[in-house]
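The sequence and the three-dimensional view are shown first.

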Amino acid sequence: VQLQASGGGLVQAGGSLRVSCAASGLSFSRYFMGWFRQSPGQEREFVATISWSGDNTYYADSVKGRFTVSRDNAKNTVYLQMNSLKPEDTAIYSCAAAKWLTTRSYEYDYWGQGTLVTVSS
């Protein structure tokens, strides 16, 4: 199983960025997908999750209304559209796959490497 995140970069505060996560080696459409982030010296933090069909999503309060998670099962890819970015959104963003909708990192079966998002003030 491989989860390959991409799309990170440097963006100014107030700007937008979309990160992607391409999955292989698993039945992608049968997994709930989540996004987590981790800043230096901080614990991993839940960001968003989406059901296998895309009908159900859930967000951390800190990103609600600014971030949107979506997926394309035909492309085995999950996306995180990030708008109105703030310096405190700076982190490594990682995707993960789980068998149900959950915010708990330990309930995710597979993890990808992260992509760095840096928001300058």
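Is Gly-9 buried, partly exposed or exposed? Gly-9 is partly exposed, because its relative accessible area is 24%, where buried means under 20% relative accessible area, exposed over 50% and partly exposed in between (1.4 Å probe, protein chains only).

## Basis of the report

This is a predicted model, in which local features need pLDDT of at least 70, side-chain atom pairs count only at pLDDT 80 or more, and totals for chains, interfaces and linings use all residues. Residues are numbered from 1 along each chain as its sequence is written, and side-chain values use heavy atoms, with hydrogens and water left out.

Gly-9 lies in strand E2, residues 9–12. Strands (E, at least two residues) and helices (H or I, at least four) are DSSP runs numbered from the N terminus.

Leaving aside residues up to four places away in sequence, Gly-9 touches Leu-17, Leu-116, Val-117 and Thr-118; contact means heavy atoms within 4.5 Å. Between Gly-9 and Thr-90 the C-alpha to C-alpha distance is 9.9 Å, with 81 residues separating them in sequence.

## The four-stranded sheet

Four strands form an open sheet in the order E1-E3-E8-E7, with antiparallel pairing; two strands pair if DSSP finds at least two bridges between them. E1 and strand E7 (67–72) stand at the edges with a single partner strand each, so one side of each has no neighbour in the sheet. On average, neighbouring strands of this sheet are turned by 15 degrees against each other, direction ignored. Axes here are lines fitted to C-alpha atoms, for helices over the stretch in contact, and angles run from 0 to 180 degrees between N-to-C directions.

Strand E1 (residues 2–6) has a covered face, formed by Leu-3 and Ala-5, and an uncovered one with Gln-2, Gln-4 and Ser-6. Five bridges join E1 to E3, and Gln-2 has Ser-24 of E3 as its bridge partner. E3 is also joined to strand E8 (residues 77–82), by six bridges, with Val-19 opposite Leu-80 in E8.

## The disulfide

A search of the whole structure finds one disulfide, defined as a pair of cysteine sulfur atoms within 2.5 Å. The disulfide joins Cys-21 to Cys-95, with an S to S distance of 1.9 Å. Cys-21 belongs to strand E3 (residues 17–24) and Cys-95 to strand E9 (residues 91–98), so the pair links distant parts of the chain, 74 residues apart.

The torsion about the S-S bond of Cys-21 and Cys-95 is about 45 degrees, and the disulfide is therefore right-handed. Cys-21 is buried at 0% relative accessibility, and Cys-95 is buried with a relative accessible area of 0%.
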